[in-house]
Amino acid sequence: MLPFWRLDPPFRFAIYIAFAVLFASGAAWLAADQLKETSNGEIWQQAAAYLLMVHGGAAMVTLMLLGALFPVHIGRAWRAKKNRATGIVMLAFNAVLIATALGLYYLASEILRSWASNLHIAFGLAMPLLFLAHVKTGRWSSTPRVPRRGPGSQAPLPCGQEGSRHPASRENQYSGLGLSFVTWVNRAQVPPTNHRPI
Ligand code: HEM
Ligand code: HEM
């Protein structure tokens with residue numbers, strides 16, 4: 001059974017798309033902004049305006065998705081004590097991005113606005129790496145643990161043999177899919193039950 005804090009595929013897909021559009025439009029705006037002073041400056045100026053429009057639209061959808069994440073993902077994973085460390089960093093980064101975006105709209109002081117812009121850009125460009133770390137550690141923390149067995153391990157197996165003597169231990173050592181192989185081996189050791197049809 002899947003962990004109850006895992007996102008439904010369509011919702012997960014929507015989050016990935018929303019952040020991909022935010023990242024791509026933000027990064028492309030940075031490039032267009034640099035090219036404003038070149039000979040084709042007018043085209044780049046126009047492109048930058050369109051990119052910010054796409055970015056602002058994606059931000060609105062993202063805010064809706066982030067709100068929906070609280071009951072179905074964040075609250076559930078928090079109560080299950082799963083992946084809290086990178087989860088908190090995700091929340092903090094998103095809070096900074098939202099607060100600085102608000103600053104970009106409403107801060108009157110040029111100095112504060114340029115701080116908000118620099119912070120927004122720095123945290124925004126780091127988002128893909130943070131996503132990768134969050135999802136990877138999240139998947140790892142949600143994977144059921146199987147005690148390590150193999151050559152040298154004396155842990156008894158469910159079939160009664162010692163780990164190092166078990167015929168499967170060499171295969172365990174060299175198997176690329178170690179964890180699933182061990183699970184499969186252990187399952188194979190369970191004697192068949194004599195179920196009588198009711
Ligand atoms: C803005 C905040 C957050 C976003 C955008 C976010 C997004 C995601 C995404 C897209 C995934 C991969 C899809 C999945 O496997 O369900 C994921 C996985 C995960 N997240 Fe979050 N998350 C956030 C906050 C948190 C917090 C605060 C926690 C913990 C309290 C958390 C715990 C987890 C766990 C445990 C997984 C692995 C789920 C699994 O594969 O079983 N997340 N997150
Ligand atoms: C995912 C990574 C992100 C990147 C790389 C990024 C990048 C950028 C950049 C380069 C700008 C223009 C800065 C300026 O005008 O000085 C910007 C503006 C903005 N960003 Fe982001 N951003 C990201 C995520 C977000 C998020 C999560 C939100 C909110 C949910 C958001 C909302 C906004 C808003 C509202 C603006 C102002 C748009 C406008 O002036 O019309 N961004 N962003």
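Helices (H or I, at least four residues) and strands (E, at least two) are DSSP runs, numbered from the N terminus. I used that definition throughout these entries.

**Entry: ground rules**

I worked on a predicted model, where local features need pLDDT of at least 70, side-chain atom pairs count only at pLDDT 80 or more, and totals for chains, interfaces and linings use all residues. I counted residues from 1 along each chain as its sequence is written, and I took chains as lettered from A and ligands as numbered from 1 in the order in which they are written.

**Entry: the chain overall**

I found six helices and zero strands in the protein chain. From the N terminus on, I read the order of elements as α-α-α-α-α-α. I looked up burial next (a residue is buried if 20 or more other C-beta atoms lie within 10 Å of its own, exposed if 12 or fewer, and partly exposed in between; C-beta atoms are placed from the backbone). Of the 198 residues in the protein chain, 12% are buried.

For contacts, I took two residues whose C-beta atoms, placed from the backbone, lie within 7 Å. Among contacts between residues at least 6 apart in sequence, 50% join residues at least 24 apart.

**Entry: confidence**

I checked pLDDT, which is the predictor's confidence in each residue, from 0 to 100. The protein chain averages 83, and 73% of the residues score at least 70.

**Entry: ligand 2**

I took a residue as near a molecule or strand if its C-beta atom, placed from the backbone, lies within 6 Å of it. Ligand 2 is surrounded by 24 residues, and the closest are Gly26, Ala59, Ala101, Ser117 and Gly124. I asked which helix gives the largest share of the shell around ligand 2. The contributor is helix 1, with seven residues. At least two residues of this shell come from each of helix 1, helix 2, helix 3 and helix 4.

I sorted the shell by residue class (Ala, Val, Leu, Ile, Met, Phe, Trp, Tyr, Cys and Pro count as nonpolar, Asp, Glu, Lys and Arg as charged, and the others, Gly among them, as polar). The shell around ligand 2 has 16 nonpolar residues, eight polar and no charged.

I followed up Ala101, which is found in helix 3. Ala101 counts as partly exposed because it has 18 C-beta neighbours inside 10 Å. Leaving out residues up to four places away in sequence, Ala101 touches Ala59 and His120. Ala101 and Leu119 lie 18 residues apart in sequence, and their C-alpha atoms are 9.6 Å apart.

**Entry: ligand 1**

I counted 25 residues around ligand 1, the closest being Ala77, Asn83, Gly87, Gly138 and Ser142. Two or more residues of this shell come from each of helix 1 (9-34), helix 2 (41-79), helix 3 (84-106) and helix 4 (110-142). By class, I noted 12 nonpolar residues, eight polar and five charged.

Helix 2 bends by about 55 degrees at Phe70, with a proline, Pro71, following within four residues. Its buried residues are Leu51, Ala58, Thr62, His73 and Ala77, and they pack against helix 1 and helix 3.

Lys81 sits in the loop between helix 2 and helix 3, and its phi is positive, near 55 degrees, in a residue other than glycine. Asn83 is found in the loop between helix 2 and helix 3 and has a positive phi of about 55 degrees, although it is not a glycine. Is Lys81 buried or exposed? Lys81 is exposed, because 8 other C-beta atoms lie within 10 Å. Asn83 counts as buried, because it has 21 C-beta neighbours inside 10 Å.

**Entry: helix 3**

I checked the length of helix 3: 23 residues, reaching 33 Å from its first C-alpha to its last. That is close to the expected 33 Å, which is 1.5 Å times one less than the number of residues. Its buried residues are Met90, Leu97 and Thr100, and their cover includes helix 4.

Definitions and conventions
Bend = angle between axes of the 7 residues up to and from the residue.
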